[in-house]
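The following note sets out some points for a colleague examining this entry. The sequence and the structure are shown first, and the numbered remarks follow.

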Amino acid sequence: MNRETFIQHIRQELSSLRRFLLAACSGNGNEADDVAQEVLMKAYVASRRFEDEEGFSAWLYRIACNTLIDHQRKQMARGETIGIDKAHDVAGVSRSDDSFEYQELYQAIDGLPMSERTAVLLFYMEDRPIKEIAAIMNVAEGTVKGYLSRGREHLRTKLSK
């Protein structure tokens, strides 16, 4: 894939990728921006070997999911995680960050295991089909359905309290 094609695809995906990362980072815009920057750098470096332009979106989200997992592991190793109870105190740096009307939902999502959180966000926020989510997460479609089922149940329990 050449540079111009890569930029064109990124322009199409950037707003939804940013929304996904912002939700995955509990509304912390700075953290979402850091992860997004790392995702874009990894994608650009790997884009020379990427040839399936139709599968670009799934490929980009797969990089994003793996980068999120790596980012969380690094944070946990350094002891830099933000607890769920403090997630509502994260200051937004832009208008979109300040406009979370559903902060309680995002806090509940933040409490989900990464696999459930990823599946829930991709399915409900990004309207991705189960087949594509399976490709992004590199798991079987039945596994994605299980993540969604458990994720919904965990959210139902957390939000009913």
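With which residue does K42 form a salt bridge, and how far apart are the closest N and O atoms?

1. K42 pairs with E38, and the closest N and O atoms of this salt bridge are 3.4 Å apart. The model is a predicted one, and the remarks below should be read accordingly. Both residues belong to helix α2, where K42 and E38 are four residues apart, about one turn of the helix. K42 is partly exposed, with a relative accessible area of 32%, and E38 is likewise partly exposed, at 22%. The pair belongs to a network of salt bridges in which E38, K42, D70 and K74 are linked.

2. Ten salt bridges are present in the structure. One of them joins R18 to D33, with 3.2 Å between the closest N and O atoms. Because R18 lies in helix α1 and D33 in helix α2, this pair ties together parts that are 15 residues apart in sequence. R18 is partly exposed, its relative accessible area being 23%; D33 also counts as partly exposed, at 32% relative accessibility.

3. A further salt bridge is formed by R19 and E126, whose closest N and O atoms are 3.1 Å apart. R19 is located in helix α1 and E126 in the loop between α6 (114-125) and α7 (130-137), so the pair ties together parts 107 residues apart in sequence.

4. The aromatic residues deserve a separate remark. Seven aromatic pairs are found in a search of the whole structure. Among them is the pair of F6 and Y44, which is edge-to-face, with 5.3 Å from centre to centre and 65 degrees between the planes. This pair links distant parts of the chain, as F6 lies in helix α1 (residues 3-24) and Y44 in helix α2 (residues 29-46), 38 residues apart. F6 is buried, with a relative accessible area of 6%, while Y44 is partly exposed at 32%. F6 and Y44 also belong to one aromatic cluster together with F50, F56 and W59.

5. A charged side chain is placed over an aromatic ring at another site. R128 lies over the face of Y61, at 4.2 Å from the ring centre.

6. H71 is found in helix α3 (residues 56-78). Is H71 buried or exposed? H71 counts as buried because its relative accessibility is 13%, which is under the 20% limit for that class. Leaving aside residues up to four places away in sequence, H71 touches E31 and V35. The C-alpha atoms of H71 and D34 are separated by 9.3 Å, and these two residues are 37 residues apart along the chain.

7. The cysteines conclude the note. How many disulfides does a search of the whole structure find? The search finds zero. C25 counts as buried, with a relative accessibility of 5%, and C65 counts as buried at 6%.

How values were computed:
Residues numbered from 1 in each chain as written. Predicted model: local features only at pLDDT ≥ 70, side-chain atom pairs only at ≥ 80, totals over all residues. Heavy atoms only, no water. Helix = DSSP H or I, 4+ residues; strand = E, 2+ residues; numbered from the N terminus. Buried < 20%, exposed > 50% of the residue type's maximum accessible area, 1.4 Å probe, protein only. Contact = heavy atoms within 4.5 Å. Disulfide = S-S within 2.5 Å. Phe/Tyr/Trp six-rings, centres within 6.5 Å; stacked < 30°, edge-to-face > 60°. Lys NZ or Arg CZ within 6 Å of the ring centre and 35° of its normal. Salt bridge = Lys/Arg side-chain N within 4 Å of Asp/Glu carboxyl O.
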